[in-house]
Amino acid sequence: MIPQAPPGFKSGFIGIIGRPNVGKSTLMNHLVGQKIAITSPVAQTTRNRLRGILTTPEAQLIFVDTPGIHKPHHQLGEVLVQNAKIAIESVDIVLFVVDGSSVCGTGDLYISELLNRIQTPVILGLNKIDRQPEEFQQIDGSYAQLAKSLQWQTVKFSAKTGTGLSELQGLLIEQLEPGPMYYPPDLVTDQPERFIMGELIREQILLLTREEVPHSVAIAIDMVEETPTITRVFATIHVERDSQKGILIGKGGAMLKAIGSAAREQIQKLIAGKVYLELFVKVQPKWRHSRVRLADLGYRVEE
């Protein structure tokens, strides 16, 4: 049940926008206090618009984590970037996250041009301040100039350490309008468990195979069987080439076993129970270039 919001309660949707690998998913996980979005050192990790929910006594903030905005090289990339652009138009506040450990670049300027065309309030968030070099005046100055030219408020923080996140949260609540409670106060995401399970499997592939396979992988959860003592999960890993299948399976099945073991641990944390996980690998040639196959695997342009 969703309780009625108290007098003066605020709520709204906050789009987390930025280039790939600036820490958007890490930020959302930290804000909601639980891992709901996968993270990895590989750019373009996030593929779906994922909602994270933070409810405080005074407000409910619904964060929309989006794929990193980049120049697409295939049909999947076009769908992801289009979905990120749609998110910009459908939220109450845009939190534009940049890498505060390096100077403002052409990718940031491209996104700022997109954001300058909309009426939605924008807050510029400088992430990774824990990694700023000693001579950071030039870095801060480049973003200060951008924010001043567009009349944006700025906030500095570290999604990794949590430094500055209370200030960020306060600024976001300050910008929200009075509104209802959209979700139960104990809910942290509106995504089904099956979706999160698939993402946790994909995360381990990103972490364990790095640049050899990552973006050619999609996960389908084929079946989930729940009993009082254990949850059995059967999933298929889709790749584009036989060579990628070989990498994922590994010598004597060692890589697939390592992926399955690590993913099982994460899924057990998600459902707070014992999990049996069985993984299969299937070759789907050029699935990222086919609208039909993308739709079959859950990648559609969102309304």
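This is a predicted model: local features need pLDDT of at least 70, side-chain atom pairs count only at pLDDT 80 or more; totals for chains, interfaces and linings use all residues.

The chain has 303 residues, and 51% of them are buried.

**The chain overall**

- If you take contacts between residues at least 6 apart in sequence, 72% of them link residues at least 24 apart.
- The exposed surface comes to about 14500 Å², with carbon and sulfur atoms supplying 50% of that area.

**The β7-β8-β9 sheet**

- Three strands make up an open sheet, ordered β7-β8-β9, and their pairing is mixed.
- At the edges sit β7 (218-226) and β9 (275-283), each of which pairs on one side only.
- From one strand to the next, the twist averages 15°.
- Strand β8, covering residues 231-239, pairs with β9 in the parallel sense through nine bridges.
- To find your place in that pairing, look for T231, which stands opposite V275 in β9.
- As a reminder, strands of a sheet pair through backbone hydrogen bonds, and the arrangement can be parallel or antiparallel.

**Helices on that sheet**

- Helix α6 (residues 193-209) lies across β7, β8 and β9. Relative to β7, α6 runs at about 130°.
- Helix α7 (residues 242-249) packs on the sheet too, where it touches β8 and β9. The direction of α7 makes about 155° with that of β9.

**Strand β1 and its partners**

- β1 runs parallel to strand β3 (residues 59-65), and seven bridges join the two.
- In that pairing, I16 stands opposite D65 in β3.
- β1 also runs parallel to strand β4 (residues 93-99), this time with four bridges between them.
- Here the pair to look for is G15, opposite V94 in β4.
- While you're looking along the strands, remember that side chains in a regular strand alternate between the two faces of the sheet.

Definitions and conventions:
Residues are numbered from 1 along each chain as its sequence is written. Side-chain values use heavy atoms; hydrogens and water are left out. Buried means under 20% relative accessible area, exposed over 50%, partly exposed in between (1.4 Å probe, protein chains only). Contact means heavy atoms within 4.5 Å. Accessible areas come from the Shrake-Rupley method with a 1.4 Å probe; for residues, only the protein chains shown count as cover. Two strands pair if DSSP finds at least two bridges between them. Axes are lines fitted to C-alpha atoms, for helices over the stretch in contact, and angles run from 0 to 180 degrees between N-to-C directions.
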